[in-house]
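Please examine the sequence and structure shown here. The questions that follow work through the fold, the division into domains and the core.

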Amino acid sequence: MGAAPWQIFQFCPRCGVARASALRHAAPFRCEACGFLYFFNPSVAVAALILRDDGKALFIRRAKDPAKGRLALVGGFVDAGESAEHALRREVREEVQLELDEVQFLSSHPNDYHYQGTTYPVVDFIFVARTLDHDRAAALDDVASFAWLDPHAIDLEDLAFPSMRDAVARFRVARATGSP
Ligand SMILES: [Zn+2]
């Protein structure tokens, strides 16, 4: 756990005037001196449940903190100027060397991302995806190892983030009821 971004803005990033600690909350930062306004909006992250034809899905073990060693879905943060789908395809390529074919939105979830003493608010967009070349999978950036596991059989508590647990649970319900 760490401080949220709005708790650590001690000075105006434009003019440098000190900010009263009483004002350090999630409401937009507004500098009394120069009028600079900053919104502490969440970052956007994407992840995918990548399915193979036999119904198994790709899960990774995270190589780095946060949640080093924990089970997770492949994914990462959306860069400025990218669509969520583009970011997902890029992250999957960078982390496990796969090209995605079909990509379908599943659900979105708020998440707290603890990184180097700061807790960032994030919205995770989770997709269900397919790949035509699953045999090419390799553990690259940020990935210690990977495995194709039955998403209906894994222990949800093994997953690194609550958002991923919620997404896999939702996937199970969707499959059970036949909705996409
Ligand atoms: Zn200022």
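Q: Into which domains is the chain divided?
A: The model is a predicted one. An assignment divides the chain into two parts, domain 1 (1-41) and domain 2 (43-177).

Q: How many residues does each domain bring to the contact, and how do those on the side of domain 1 divide?
A: The centres of domain 1 and domain 2, taken over C-alpha atoms, are separated by 32 Å. Their contact takes six residues from domain 1 and six residues from domain 2. On the side of domain 1 that touches domain 2, the residues divide into five nonpolar, one polar and no charged.

Q: What pattern do the helices and strands follow along the sequence?
A: The chain holds three helices and nine strands. Read along the sequence, their pattern is α-β-β-β-β-β-β-α-β-β-β-α.

Q: Where is confidence lowest and where is it highest in the chain?
A: The mean pLDDT of the chain is 91, and 99% of its residues reach 70 or more. The lowest confidence is in helix H1 (residues 5-8), at a mean of 87, and the highest, at 96, is in strand E3 (residues 43-51).

Q: What should the 13 residues of helix H2 span, and how far apart are its end C-alpha atoms?
A: The expected value follows from 1.5 Å a residue, counted over one less than the number of residues. For the 13 residues of helix H2 (residues 84-96) this gives 18 Å, and the end C-alpha atoms agree with it, being 18 Å apart.

Q: Which residues of H2 are buried, and what covers them?
A: A residue counts as buried if 20 or more other C-beta atoms lie within 10 Å of its own. In H2 this holds for Ala87, Leu88, Arg89, Glu91, Val92, Glu95 and Val96. Their cover includes E3, strand E4 (57-62), strand E6 (74-77), strand E7 (100-115), strand E8 (118-131) and strand E9 (143-149).

Q: Which element supplies the largest share of the largest nonpolar core?
A: This core has 34 residues, and those with the most contacts inside it are Ala48, Ile50, Val74 and Val96. At least two residues each come from E3, E4, strand E5 (71-72), H2, E8, E9 and helix H3 (162-177). The largest share, six residues, is supplied by E3.

Q: Which residues does Ala48 touch, not counting those up to four places away in sequence?
A: Ala48 is among the residues with the most contacts inside the core. Beyond four places in sequence, Ala48 touches Leu73, Val74, Gly75, Leu88, Val92, Phe127 and Ala129.

Methods
Residues numbered from 1 in each chain as written. Predicted model: local features only at pLDDT ≥ 70, side-chain atom pairs only at ≥ 80, totals over all residues. Helix = DSSP H or I, 4+ residues; strand = E, 2+ residues; numbered from the N terminus. Domains from an automatic or database assignment. Contact = placed C-beta atoms within 7 Å. Nonpolar A, V, L, I, M, F, W, Y, C, P; charged D, E, K, R; others polar. pLDDT = per-residue confidence, 0-100. Buried ≥ 20, exposed ≤ 12 C-beta atoms within 10 Å, placed from the backbone. Core = buried A, V, L, I, M, F, W, Y, C linked by C-beta atoms within 7 Å.
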